[in-house]
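Dear colleague,

I am handing over a structure for you to look at, and my notes on it follow below. Please read them with the model open beside you.

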Amino acid sequence: MVLKVFRWSPGSRERLQKYWVKARQGMTVLDALVEVQRGTDPTLAFRYACRVGMCGSCGMVINGRERWACRTLLSKLERGAVTVRPLYHFPLIRDLVVEMEPIKRKMLESKAVFVPRRPAEDEAGFAAVGGRSRERRAVDAAIECIGCGMCVSACTMVAHDPRFPGPAALNRVFTLQRDSRDGAHAERGEALLAEDVLTRCHTQANCTAVCPMQLSPTDSILALRRRAVLRLIGISPR
């Protein structure tokens, strides 16, 4: 099997480099990259950690779609050469490795940070939310985001508008706006009404389509929109 792998390092030009790998049963794209690095080209750079689909660090664009390399079987891909490139919309460090700082920056810019409603010394302010409560069920799926960046890579609006927070940050904002312990709902809600935030999402759902955790950032954004509309007409969202 032929792998066409994106190569770039500072000072060099971008290119696709071909590697030949003998595909085995159960072999993943990550297995193939490791084999190339160990046996053919030790200069090839890519990132991975857990190898079981938990950490999200091996997120790449494989045959044009964001996927976990560790969970993508070669046998499940279309026949022919397999193309592997780094995530879009992130600064390149080298080859398949990107800088994940934009995720953190967008979270901070969007105020996607928990702000306790009560003082730190008040334990009630940090009380656990019951697992079966309505409040918890409303965000159950959304809180499972691991920040792998695939949704950001797949979002066309992120490329078009650098001020758009992106699906990962807005998904986090959604969980905070439903958290009764958080004290920044009003401030965050005001920021969401800015021109480059909620109204910029075109609900193409590319983010939802590629999320390896089967989350729906699109639904989180739509929920934020509904809450914003309710506030605008003077109704306090539940």
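**Strand S3 and its neighbours**

Strand S3 is joined by two bridges to strand S5 (residues 82-85), and the two run antiparallel; strands here are DSSP runs of E with at least two residues, helices are runs of H or I with at least four, and both are numbered from the N terminus, while two strands pair if DSSP finds at least two bridges between them. This is a predicted model, in which local features need pLDDT of at least 70 and side-chain atom pairs count only at pLDDT 80 or more, whereas totals for chains, interfaces and linings use all residues. Residues are numbered from 1 along each chain as its sequence is written, and side-chain values use heavy atoms, with hydrogens and water left out.

Within S5, Val 84 is the bridge partner of Ile 62. S3 also pairs with strand S4 (residues 65-68), in the antiparallel sense and over four bridges, and there Gly 59 has Trp 68 as its bridge partner. Two residues lie between the strands in the hairpin of S3 and S4, where Asn 63 takes a positive phi near 50°.

In a regular strand the side chains alternate between the two faces of the sheet. Both faces of S3 (residues 59-62) are covered, since Gly 59 and Val 61 on one side and Met 60 and Ile 62 on the other are all buried, that is, under 20% relative accessible area with a 1.4 Å probe and protein chains only.

With regards

Technical notes:
Buried < 20%, exposed > 50% of the residue type's maximum accessible area, 1.4 Å probe, protein only.
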